[in-house]
Amino acid sequence: MQKKTPIHWGLWLYCILLTLAMGAVLAKSNFIELIQKNIGLYKPPAVTNFQHEMAGHLRRRDDNTPAGAILFIGDSITQGMSVADLPQPAENFGIGGDTSEFLAQRTKRMHSLDAASHVFLLVGINDLMRQVTGTARHIEEVIKRIPPSVPIHLISVLPTSEETDISNQAIKQLNKDSFSVCARYQHCKPLDIASHFHKRGKTDISLYEPDGIHLNAQGYAVLKQAVMERLNADQ
């Protein structure tokens with residue numbers, strides 16, 4: 001009669017614990033994300049941890065922003081601009097990765113908007129990257145949140161280089177839709193500067209970082225010049 005092989009419970013337990021440990025390590029790493037990207041199934045989270053952390057920091061800054069300050073709200077293109085050399089107090093509330101939807105959510109709690117002298121708004125590129133819909137509707141939520149006594153300057157989403165996955169035609173349509181919403185409100189003025197970033201009919205890549213989306217120092221000089229011209233015109 002053949003003897004039964006004894007079950008090595010210790011070995012089974014070891015294998016189970018090892019599998020669980022490996023799963024935990026993979027979950028904390030970006031391994032699964034990389035696999036999803038390679039097979040075309042990756043979808044970025046609607047709101048990243050970075051955005052949540054930055055929103056928390058900016059809420060504290062919002063609480064001690066002086067009345068009459070110029071405010072800048074938007075995504076990473078806004079966030080990357082220095083406002084230290086503007087002629088009056090200014091605060092930058094841009095957050096990298098921000099979508100119009102998350103911006104609409106966080107501006108609901110921004111007390112500094114109620115007493116700002118000007119608000120410059122630039123958002124939308126991440127909506128296109130993540131294929132988020134309803135951009136114009138969310139921008140309208142932001143506009144309605146800001147008192148009619150505070151001038152809003154809606155900056156056009158800037159063109160990207162032809163090497164990116166973002167269609168400049170889609171950017172033009174987004175700007176058209178957003179400016180149409182802006183036109184409904186007396187305190188909102190479009191600031192269309194897309195042409196400033198074109199050269200010979202194409203995106204002027206000398207104004208951009210290598211990714212073809214974010215601005216370099218020369219690009220920010222162009223953006224700030226447009227901001228200064230608008231501020232001077234409104235005096």
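Modeller: Asp-85 and Lys-224 form a salt bridge, with 3.1 Å between the closest N and O atoms. By salt bridge I mean a side-chain nitrogen of Lys or Arg within 4 Å of a carboxyl oxygen of Asp or Glu. Asp-85 lies in the loop between helix H4 (76-79) and strand E2 (90-94), and Lys-224 in helix H9 (residues 217-233), so the pair ties together parts that are 139 residues apart in sequence.

Colleague: Before we go on, what kind of model is this?

Modeller: It is a predicted model, where local features need pLDDT of at least 70 and side-chain atom pairs count only at pLDDT 80 or more, while totals for chains, interfaces and linings use all residues. Residues are numbered from 1 along each chain as its sequence is written, and side-chain values use heavy atoms, with hydrogens and water left out. Helices (H or I, at least four residues) and strands (E, at least two) are DSSP runs, numbered from the N terminus.

Colleague: Thanks. Is Asp-85 buried or exposed?

Modeller: Asp-85 is exposed, at a relative accessible area of 53%. Lys-224 counts as buried, with 16% relative accessibility. Buried means under 20% relative accessible area, exposed over 50%, and partly exposed in between (1.4 Å probe, protein chains only).

Colleague: How many salt bridges does the structure hold?

Modeller: There are seven salt bridges in the structure. One of them involves Glu-140 and Arg-184, whose closest N and O atoms are 3.4 Å apart. Glu-140 lies in helix H7 and Arg-184 in the loop between helix H8 (168-182) and strand E5 (188-191), so this pair ties together parts that are 44 residues apart in sequence. Glu-140 is buried, at 17%, whereas Arg-184 is exposed, at 55%.

Colleague: And which side chain meets Arg-145 in a salt bridge?

Modeller: That would be Asp-114, with an N to O distance of 2.9 Å. Asp-114 lies in the loop between H5 and E3 and Arg-145 in helix H7, so they tie together parts that are 31 residues apart in sequence. Asp-114 counts as partly exposed, with 41% relative accessibility.

Colleague: H7 keeps coming up. How many of the residues of H7 are buried?

Modeller: Eight of the eleven residues of H7 are buried, so this helix is largely enclosed by the rest of the structure. Among them are Ala-136, Ile-139, Val-142 and Ile-143. Val-142 has a relative accessible area of 1%. Its C-alpha atom is separated by 8.5 Å from that of Gln-105, which is 37 residues away along the chain.

Colleague: Now the strands. What covers E3?

Modeller: Both faces of E3 are covered, with His-118, Phe-120 and Leu-122 buried on one side and Val-119 and Leu-121 buried on the other. Five of the five residues of E3 are buried, so the strand is largely enclosed by the rest of the structure.

Colleague: Which strands are joined to E3 by bridges?

Modeller: E1 (residues 70-74) and E3 run parallel and are joined by five bridges. Gly-74 stands opposite Leu-122 there. E3 and E4 (residues 152-155) also run parallel, with three bridges between them, and Phe-120 has His-153 as its bridge partner in E4. Two strands pair if DSSP finds at least two bridges between them.

Colleague: Switching to the surface, which residues form the positive patch?

Modeller: Arg-59, Arg-60, Lys-108 and Arg-109 form the positive patch. Patches are made of residues with over 30% relative accessible area and no salt bridge, with like charges joined within 9 Å and nonpolar side chains (Val, Leu, Ile, Met, Phe, Trp, Tyr) within 5 Å. Lys and Arg count as positive and Asp and Glu as negative, while His and the chain ends are not counted. The place of a charge is taken as NZ of Lys, CZ of Arg, CG of Asp or CD of Glu.

Colleague: Where is Arg-109 found?

Modeller: Arg-109 is in the loop between helix H5 (100-107) and strand E3 (118-122), and it is partly exposed, at 42%.

Colleague: And which residues form the nonpolar patch?

Modeller: Leu-13, Ile-16, Leu-17 and Leu-20 do, with about 410 Å² of accessible area together. Accessible areas come from the Shrake-Rupley method with a 1.4 Å probe, and for residues only the protein chains shown count as cover. Leu-20 sits in helix H1 (residues 9-28) and is exposed, at 57%.
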